[in-house]
Every structure is written in C-alpha cells, then in structure tokens.
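Here is a short report on one protein model.

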Amino acid sequence: MSPIEKKWPFIVINAVCTVLTTMYIMQAAGMPSMADHNLAQAILYFFCFFGVHRAYSFLGWLLVLWISPKMAGAVRGEAGRP
C-alpha cells in the first residue's frame, strides 16, 4: 500500500466509489440485496468489492501522477533525490 493510499481523503473517495460501483454491479448481475445472501453470494460480493477497490486505487494513483508528478515523487519518498 502506497503512502497516498493511507491519506484519509483518498480512502474516503475510494471507499464511496467502490461501494457504489460494487452495489451497481451486483444489482446489474441480478443478485439480490445483501440482506438475504448466502455464503456463495457473499464471497462473490467481496471478490467484486476488493477488485473494484484495487482498480479505483490504481486509477487514483495514476490521477495523482498526472496532476502532480512532483507530489507523487514526494509521496514515494523520492523528493530529496537529485
């Protein structure tokens, strides 16, 4: 996990987008709500959730690199290097 992923604004945005996207994907796939789920449905939900979470995390990192490469270098600990 990179240092940028530990900052609370990044975590909040990533979490909200992940939950909304996962709920949309599960609904579009025809799975019932999580209130009446079985173990197989819960496993599929969590696989989808963590996959979407990593995808949004990667996209967020790319966005930081695009907007401010110097900030991304500082986050990775390379700001002091010549």
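## The buried face of α1

In this predicted model, helix α1 buries Phe10, Asn14, Thr18, Thr22 and Met26. Viewed down the axis of α1, the buried residues fall within an arc of 95°, so they line one face of the helix. An α-helix has 3.6 residues a turn, so residues three or four places apart point the same way.

Helix α1 covers residues 8-28. How far apart are its end C-alpha atoms? They are 30 Å apart. That agrees with the 30 Å that its 21 residues should span at 1.5 Å a residue. Just after α1 comes glycine 30, with a positive phi of about 85°.

## What covers that face

Which helix is included in the cover over the buried residues of α1? Helix α2, residues 39-67, is part of that cover.

Threonine 22 sits in α1. Its relative accessible area is 0%, so threonine 22 counts as buried. The cut-off for buried is under 20%. Neighbours within four places in sequence aside, threonine 22 contacts Tyr45, Cys48, Phe49 and Val52. Asparagine 14 also belongs to α1. Asparagine 14 has a relative accessible area of 6% and is therefore buried. With neighbours within four places in sequence again left out, asparagine 14 touches His53, Tyr56 and Ser57.

Threonine 18, one of the buried residues of α1, is 9.1 Å from glycine 51 in space, C-alpha to C-alpha. In sequence, glycine 51 and threonine 18 are 33 residues apart. Glycine 51 is part of helix α2. Is glycine 51 buried or partly exposed? Its relative accessible area is 42%, so glycine 51 is partly exposed.

Methionine 23 and phenylalanine 49 form another pair, with C-alpha atoms 8.8 Å apart. They are separated by 26 residues in sequence. Methionine 23 lies in α1. At 46% relative accessibility, methionine 23 is partly exposed. Phenylalanine 49 is one of the contacts of threonine 22.

Exposed here stands for a relative accessible area over 50%.

Leu20 also belongs to a nonpolar surface patch, together with Trp8, Val12 and Val16. The patch has an area of about 450 Å². Valine 16, one of its members, lies in α1.

## The whole protein

The protein has 3 helices and 0 strands. Along the sequence, the pattern reads α-α-α. The protein has 82 residues, and 27% of them are buried.

What share of the contacts with a separation of 6 or more joins residues 24 or more positions apart? The share is 57%. The accessible surface of the protein is about 6100 Å². Carbon and sulfur atoms account for 72% of that surface.

Conventions: Residues numbered from 1 in each chain as written. Predicted model: local features only at pLDDT ≥ 70, side-chain atom pairs only at ≥ 80, totals over all residues. Heavy atoms only, no water. Patch = residues over 30% accessible without salt bridge, like charges linked within 9 Å, V, L, I, M, F, W, Y side chains within 5 Å. Areas by Shrake-Rupley, 256 points an atom, 1.4 Å probe, with all protein chains shown as cover. Salt bridge = Lys/Arg side-chain N within 4 Å of Asp/Glu carboxyl O. Helix = DSSP H or I, 4+ residues; strand = E, 2+ residues; numbered from the N terminus. Expected span 1.5 Å × (residues − 1). Buried < 20%, exposed > 50% of the residue type's maximum accessible area, 1.4 Å probe, protein only. Arc of directions from axis to C-beta. Contact = heavy atoms within 4.5 Å.
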